[in-house]
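Please take me through this model in a viewer, one selection at a time, and tell me what is found at each stop.

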Amino acid sequence: MTITDLTACQLRDALREGRTSAREATDACLAAIERLNPTIKAFLSVDSGAARRRADEIDRSRAAREPLGLLAGIPVAVKDNMCTADGQPTTCASRILAAWRAPYDAHVVERLRAEGAVVLGKTNLDEFAMGSSTENSAFGTTRNPWDTERVPGGSSGGSAAAVAARMAPLALGSDTGGSIRQPASLCGVVGLKPTYGRVSRFGLVAFASSLDQIGPFGRTVADAALLLQATAGHDPRDSTSVSEKDQPVPDYLAHLEEPVRPLRIGVPREFFGAGLDPEVEAVVRAALAVYERLGAKLVEIGLPHSTEFAIATYYIVATSEASSNLARYDGVHYGRRSSDHSGLIDMYMRSRAQGFGDEVKRRIMLGTYALSAGYYDAYYKKALRVRRLIRRDFEEAFARCDCIMGPTSPTAAFPIGQRTAEPLAMYLSDVYTVSANLAAVPGASLPCGFTRAGLPVGLQILSDVFTEDRLLRIARMYERQAEWSGRAPPAAGGAA
Amino acid sequence: MSGPQLVPTIGLEVHMHLATRTKLFCPCAVEYDATPNSRVCPVCLGMPGVLPVMNEKAVELAVRMALALNSEIPGLAKWDRKHYYYPDLPKNYQISEYDQPLGVGGSLDIETLQGPRRVGIIRVHLEEDAGKLMHAEGGGNYSVVDLNRTGTPLLEIVSQPDIHGAEEARAYGEALRQLAVYLGVGHCNMQLGQMRFEPNVSLRIGSDSQGRPRYTPISEIKNLNSFRSLERAVAFEIARHREEYEADPAGYTLEKLGKSTRGWRDDSGLSFLQRSKEEAHDYRYFPEPDLVPFVPDRKWVEELRKTVPELPEKRRRRFIAEYGLPEYDAGVLTAERAVADFYESVAALAKDPKAASNWMMQDVMRQMNEQKIAGDDLEKYLTPSSLVSLINMQKQGSINRTTASSVVFPEMWKTQKTPEQIVSEHNLAQVADSGAVEAFVDQALAANSKTVEDYRGGKKAALGRLMGEAMKASGGKANPQLVRALLLKKLGG
């Protein structure tokens with residue numbers, strides 16, 4: 001067993017007990033990146049010098065018995081749509097920001113640094129987090145460590161693949177419609193999208209402001225809890241971040257091993273309908289049976305607005321906000337400016353035409369259309385009404401059960417290139433995940449088994465707003481029972 | 001042949017910078033003379049990943065102004081994004097308020113040459129200002145942008161089309177300015193661009209067959225930044241509409257041509273077309289997801305309402321009624337809140353509103369005007385209690401009015417010493433001892449025998465000259481009543 005096989009919590013213990021050092025752990029991750037990243041392409045940039053310097057600082061602090069943070073000496077990867085002020089790029093996997101350097105740290109990056117984490121580098125994503133496969137990255141597709149001919153999911157595919165391939169024990173992702181949970185599912189790791197407002201969005205490059213939320217990836221439930229602990233909490237710079245007076249941040253690790261009893265699990269019939277791969281369904285049903293054996297009661301529920309209308313609603317709300325959020329990339333103040341133009345309007349058009357990829361352009365056009373005079377009421381306003389109905393679906397469901405479970409994604413990892421020609425088929429990858437963003441509720445994807453081809457399958461667990469602590473305990477109940485837990489993907493040296 | 005009567009019908013959109021220390025969404029300072037692009041941060045530069053945080057002081061000032069305009073403060077106001085591409089707007093959208101502003105309805109009473117008018121208010125809302133774009137001089141094909149102003153809190157006040165002429169438009173603008181300054185809501189320094197006007201001009205052309213009023217097309221004149229250009233531009237537009245209408249009464253109507261946007265050139269005194277109806281922007285407004293809606297606490301609003309002071313126009317009328325001041329004096333003394341407060345303190349402490357207004361109008365206002373001192377700074381030079389001491393000293397006869405006004409008051413203004421200190425340091429106390437005064441009178445009579453003869457010969461005006469000589473002999477300190485009495489006695493009545 002090598003250092004990179006340790007989970008973040010195990011590494012934390014090893015560091016505390018002096019069995020290893022932050023420098024050793026960092027070097028081990030950097031070596032894994034050097035070995036695996038040329039194939040997996042999880043990282044867009046790695047600053048090994050800064051990482052080693054930070055690791056040495058932490059080791060010195062530990063030796064001097066100075067107070068240390070929650071993540072002291074633990075290497076963490078950061079999705080490349082979160083700003084880092086250290087001179088590393090923040091590209092959003094877009095040509096338009098290829099050369100941009102953020103002058104400030106995102107709130108979560110500040111939190112990581114304050115807690116002593118070693119930031120390894122920035123991970124790949126679909127351009128501006130728009131996609132479900134990382135194929136929309138301007139800088140190449142990330143490969144799934146379980147099968148490098150397949151996608152890792154997206155948009156946080158780089159972070160999910162980095163954790164799955166053991167290049168980093170922890171990574172941050174962002175989830176607007178499933179961008180943490182779906183790649184976690186496809187890469188066989190734990191991913192959590194917190195309640196909207198739990199983690200500050202300050203410094204997260206906005207895709208759809210009312211849906212975006214930053215969350216953790218780890219190989220275990222406890223690792224995800226640890227990283228959530230380090231990043232959750234109020235930030236006055238984000239007006240939508242919840243006050244800790246109203247919603248204190250609980251200690252997510254303290255009660256993690258305590259099962260939730262009694263446990264009523266809502267199983268929405270809409271999450272098991274047409275389009276769900278039968279192999280995925282079988283694996284998910286088996287996981288539900290494990291919960292039943294643990295004494296949970298399965299309750300069939302309905303979320304009538306949350307699949308049929310959720311994708312349509314999501315693609316109106318998200319693209320509308322995106323068309324506005326991405327208006328600033330115009331080549332005037334920063335970012336790519338077309339070198340060849342005749343006047344201001346032409347400069348705008350060429351800079352944006354050259355700087356954005358096809359999927360980003362498609363979504364900007366969709367959103368611009370939805371917000372246009374004469375269409376606003378029919379699209380955006382109506383979408384907001386449906387969004388309220390989806391919210392109510394969840395409120396009614398959580399009156400009857402403690403959590404909702406189903407598949408995270410209708411299929412396991414799909415082959416690279418399979419869906420790029422069909423944006424609508426790609427959009428359906430998010431059919432089970434988008435409603436949590438629309439309803440603001442937290443959701444996790446938990447590895448729950450494999451297909452016959454050896455591809456991981458994720459169990460999605462959703463719970464009521466600001467109940468991440470209970471959600472993590474519920475996930476941990478299953479994880480303790482899973483005999484395959486700890487299996488490494490072939491790319492990281494595991495058995496195929 | 002005479003056509004229908006054409007009645008100018010004008011609504012005014014007024015923008016003013018709020019008097020906050022910092023910008024609307026970030027901690028950058030609001031400063032007007034700083035080096036370009038030195039008062040900026042990632043937030044006001046619209047960098048990737050930044051979020052706005054509402055400046056609570058700006059919201060408070062905006063609500064204060066809305067309350068003073070008698071607007072209703074709805075239970076919920078929300079922020080919206082207004083999209084348009086321009087290099088002075090780094091996000092390419094402006095955070096504003098679209099359909100649920102923080103102040104709805106209201107009115108402002110103004111004085112015009114035609115008498116008092118009430119102008120209705122449609123709405124009051126808060127938004128962010130843009131930066132400044134400067135085009136290269138000498139025909140260079142580039143522009144430079146200064147983003148110091150980007151994100152400055154801007155209050156927009158939209159009036160009903162209740163204004164019927166250029167002079168009225170100006171009077172309304174001036175009344176709004178006075179009100180904002182009075183309330184401490186804005187400094188409204190026109191040279192700094194802290195207040196800007198956009199009049200919407202149209203003429204009412206009688207009524208159609210169903211009795212509904214008809215109008216000429218609406219033209220909105222953008223970005224006027226002085227009262228003078230406001231008045232001139234409105235007058236020009238009224239005349240232009242009249243001409244256009246008379247040339248084509250059937251075609252030049254609101255139904256046919258809608259609304260257009262025009263610019264104004266101050267040098268030539270002409271307006272010019274910027275955008276016709278067909279080119280109107282689609283701003284794609286939608287609710288700002290990065291800010292939570294403003295849900296004012298009712299108690300807070302009522303507390304704020306209580307702090308809205310008596311407004312200038314009402315106070316002016318009260319000064320006339322309560323203190324018996326002439327209209328003009330009442331207007332001068334209420335033009336600035338600090339001056340009006342100062343006057344009322346002096347009037348109350350001296351128990352003599354008339355003397356207080358004389359001193360304010362003659363001495364205090366003269367110093368303020370000469371040295372261009374704003375009302376808010378008045379108390380740096382003079383306190384009400386020291387002026388009251390001076391008034392009392394003069395009334396009790398310990399100094400005379402001329403000395404008080406020409407020597408003591410300017411010294412008080414300059415040195416902030418009390419009048420007692422100044423009088424004693426300069427030995428200015430009025431001489432009321434009859435023996436001493438008699439000596440000055442005798443001196444004056446002896447040195448001016450010709451004038452004495454004139455007086456005795458029946459030229460009563462000569463008494464004044466003799467009084468002046470006796471006062472001069474006393475160094476201005478003799479009690480004038482005593483001088484006069486002694487002179488009359490010695491001249492044989």
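Begin by selecting helix 4 of chain A, residues 107–114, whose buried residues are A:H107, A:V108, A:V109, A:R111 and A:L112; a residue is called buried if 20 or more other C-beta atoms lie within 10 Å of its own, exposed if 12 or fewer, and partly exposed in between, with C-beta atoms placed from the backbone. Helices (H or I, at least four residues) and strands (E, at least two) are DSSP runs numbered from the N terminus. This is a predicted model, in which local features need pLDDT of at least 70 and side-chain atom pairs count only at pLDDT 80 or more, while totals for chains, interfaces and linings use all residues. Residues are numbered from 1 along each chain as its sequence is written, and chains are lettered from A and ligands numbered from 1 in the order in which they are written.

Just after helix 4 of chain A, look for A:G116, which takes a positive phi of about 85 degrees.

Next, select helix 5 of chain A, residues 157–164, where 8 of the 8 residues are buried, so this helix is largely enclosed by the rest of the structure. The buried residues are A:G157, A:G158, A:S159, A:A160, A:A161, A:A162, A:V163 and A:A164, and the helix is followed by A:R166, whose phi is positive, near 65 degrees.

Move on to chain B, for which the domain assignment, automatic or from a database, gives domain 1 (6–301), domain 2 (312–425) and domain 3 (434–490). The C-alpha centres of domain 2 and domain 3 of chain B lie 32 Å apart.

Select helix 10 (residues 384–395) and helix 11 (residues 401–415) of chain B, whose axes come within 11 Å and cross at roughly 160 degrees; axes are lines fitted to C-alpha atoms, for helices over the stretch in contact, and angles run from 0 to 180 degrees between N-to-C directions. That angle makes helix 10 of chain B roughly antiparallel to helix 11 of chain B, given that angles under 35 degrees count as roughly parallel, over 145 as roughly antiparallel, 65 to 115 as roughly perpendicular and the rest as oblique. The contact is made by B:S386, B:L390 and B:Q394 of helix 10 of chain B and B:R401, B:A404, B:V408, B:F409 and B:M412 of helix 11 of chain B.

Where does B:Q430 lie? Select B:Q430 in the loop between helix 12 (419–425) and helix 13 (434–447) of chain B, where, with 23 C-beta neighbours inside 10 Å, B:Q430 counts as buried. Not counting residues up to four places away in sequence, B:Q430 touches B:G397, B:S398, B:I399, B:N400, B:K477 and B:N479; the C-alpha atoms of B:Q430 and B:N400, 30 residues apart along the chain, are separated by 6.6 Å.

Finish with helix 15 (residues 462–473) and helix 16 (residues 480–490) of chain B, which pack at an angle of about 125 degrees with their axes 10 Å apart, and that makes helix 15 of chain B oblique to helix 16 of chain B.

Note on methods:
Two residues are in contact if their C-beta atoms, placed from the backbone, lie within 7 Å.
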